[in-house]
Amino acid sequence: MANQQAKCWLDVLEERVNMDIDWMDPAFIKSLPRKPHDQTSNQLWMGIQLAHTSNTELLKTTAKELKAEGWLATYSKMGTLMCKENIDSILGRVLVQTSPSQAYDMAATIEHAKLYDREFQQRGISRERFCIKIPATGPGVLAMRHLSREGVPVLGTAVFSVEQAIACSQAGCIYISPYYNGKSHQDPSLWPNVKDPATQHPFSHRIYQIIDSYRQLYRRTGQDQPLIKLAAFRSRKEVVAGAELGCHSLTVSAAMLKELADTPYEAEIDPGKNQPKPTEKGFYGQLQDPSPRLQPLLTSDPLAQSKDSWKPASLDVDYLANQASELIKALDNDPAGKHRLEDAIAMFVKAEMESKALIESATQQAAL
Ligand SMILES: O=C(CO)[C@@H](O)[C@H](O)[C@H](O)[C@H](O)COP(=O)(O)O
């Protein structure tokens with residue numbers, strides 16, 4: 001790593017992890033100094049892009065064309081059209097998320113993911129270049145297993161617990177997205193603004209335990225495990241921590257990506273120096289063993305309901321059996337994880353309802 005000092009943070013992080021963009025605006029993505037790997041989205045980012053004036057005409061035409069099929073048909077086609085605009089500006093996959101209003105309905109989630117699958121194929125975007133995000137509820141992981149078996153690439157999103165992550169592995173997801181922070185965007189007082197997020201942020205324990213679980217499962221089975229695409233950062237230090245913890249990719253907001261590109265590398269706040277970047281195939285076989293600095297994260301969980309009775313999540317439980325009853329039970333026994341999952345779904349539902357209203361109004365105007 002010669003001449004590290006002259007580099008920006010984005011360059012240095014890219015040597016360790018895949019840097020993704022958590023935003024859909026094609027003009028912004030084109031303006032970036034280097035192509036991001038993946039372009040992630042959710043109902044909030046889709047809603048903002050859908051309402052952008054550059055999409056007004058396309059929305060009208062699409063709403064008119066699909067008015068007999070309901071608002072979700074227009075929403076899904078628009079999502080893939082907007083992703084298509086970004087496909088040449090990124091190196092990897094575009095990601096869209098199934099309807100959060102159906103997060104507890106397996107059949108509806110499968111149906112929506114299949115609609116996206118068909119729409120992507122119609123846009124000429126193959127299964128190697130897209131991925132469908134599905135909230136990791138009980139019915140959500142069952143839907144993911146069904147879709148993975150059919151070859152549809154899926155990402156388990158809104159992952160707040162180790163059990164959810166193991167269930168996503170059992171479902172055959174290619175990625176998972178834990179969120180470093182819960183709803184601290186809505187309520188900044190909830191943000192643990194610590195000096196050293198890798199060792200002091202309460203959620204770092206769960207992230208590192210997920211990585212360690214996947215490392216163990218890889219050793220046991222020789223099967224590749226889901227790659228971790230960490231999301232919901234509040235600070236540059238958290239992004240650096242995500243790389244140190246051993247995530248495969250970090251998906252960051254437009255503002256954060258710009259900050260990382262504009263900020264010179266600061267060796268003094270970088271405990272993760274000289275970590276080689278593993279390849280995707282056999283990722284967990286190449287990850288370094290837990291470092292002495294991070295090892296304590298594996299032996300406790302500050303978010304656990306009862307600190308005294310805490311024990312690591314079991315790798316031997318079938319979390320998907322009996323309609324995912326073991327996953328549902330694990331979430332019921334984990335108020336911190338369950339509330340965060342519910343908050344995330346509620347935030348996505350609100351954004352989805354705004355897009356529904358926008359589409360319904362475009363459909364009405366098109367009928368005039
Ligand atoms: O899950 C992924 C990517 O896989 C993200 O798009 C994820 O939805 C977002 O980063 C979070 O929802 C953003 O949450 P917040 O930072 O706005 O609280």
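The points that follow cover the basis of the model, the ligand and its pocket, and then the other spaces.

1. Basis. This is a predicted model, in which local features need pLDDT of at least 70 and side-chain atom pairs count only at pLDDT 80 or more, while totals for chains, interfaces and linings use all residues. Residues are numbered from 1 along each chain as its sequence is written, and side-chain values use heavy atoms, with hydrogens and water left out.

2. The ligand sits in the second largest pocket (more than half of its atoms lie within 2 Å of the pocket's grid points). A pocket here is an open set of points on a 1 Å grid over the protein atoms alone, with protein on both sides within 12 Å along at least five of seven lines; a cavity is a set of points where a 1.4 Å probe fits but cannot get out, and lining residues have an atom within 4 Å of a point.

3. Of the 30 lining residues, Asp22, Trp45, His185, Ala232 and Arg234 lie nearest the centre. Helix 15 gives the largest share of this lining, 5 residues (helices are DSSP runs of H or I, at least four residues, and strands are runs of E, at least two, numbered from the N terminus).

4. The shell around the ligand. There are 18 residues around the ligand, and Asp22, Asn42, Ser177, His185 and Arg234 come nearest (a heavy atom within 4 Å counts as near). Strand 5 and helix 15 each supply at least two residues of this shell.

5. Polar contacts. These are pairs of N or O atoms within 3.5 Å. A ligand oxygen lies 2.5 Å from a side-chain N or O atom of aspartate 22; the corresponding distance is 2.9 Å for arginine 234 and 3.1 Å for tyrosine 179. The ligand alone exposes 440 Å², of which the protein buries 96% (Shrake-Rupley method, 1.4 Å probe).

6. The largest pocket. About 590 Å³ of space lies there. Its lining has 22 residues, with Glu163, Trp310, Lys311, Ala330 and Asn333 nearest the centre. Helix 14 gives the most to this lining, with 3 residues.

7. The cavity. The search of the whole structure finds 1 cavity of 30 Å³ or more. The largest cavity has a volume of about 50 Å³, and its lining includes Leu10, Glu14 and Leu257.

How values were computed. Grid points are joined across faces, edges and corners, and a volume is the space filled by probe spheres set on the points. A polar contact is a pair of N or O atoms within 3.5 Å; within protein, one must be able to donate a hydrogen and the other to accept it, and residues adjacent in sequence count only if both atoms are side-chain atoms.
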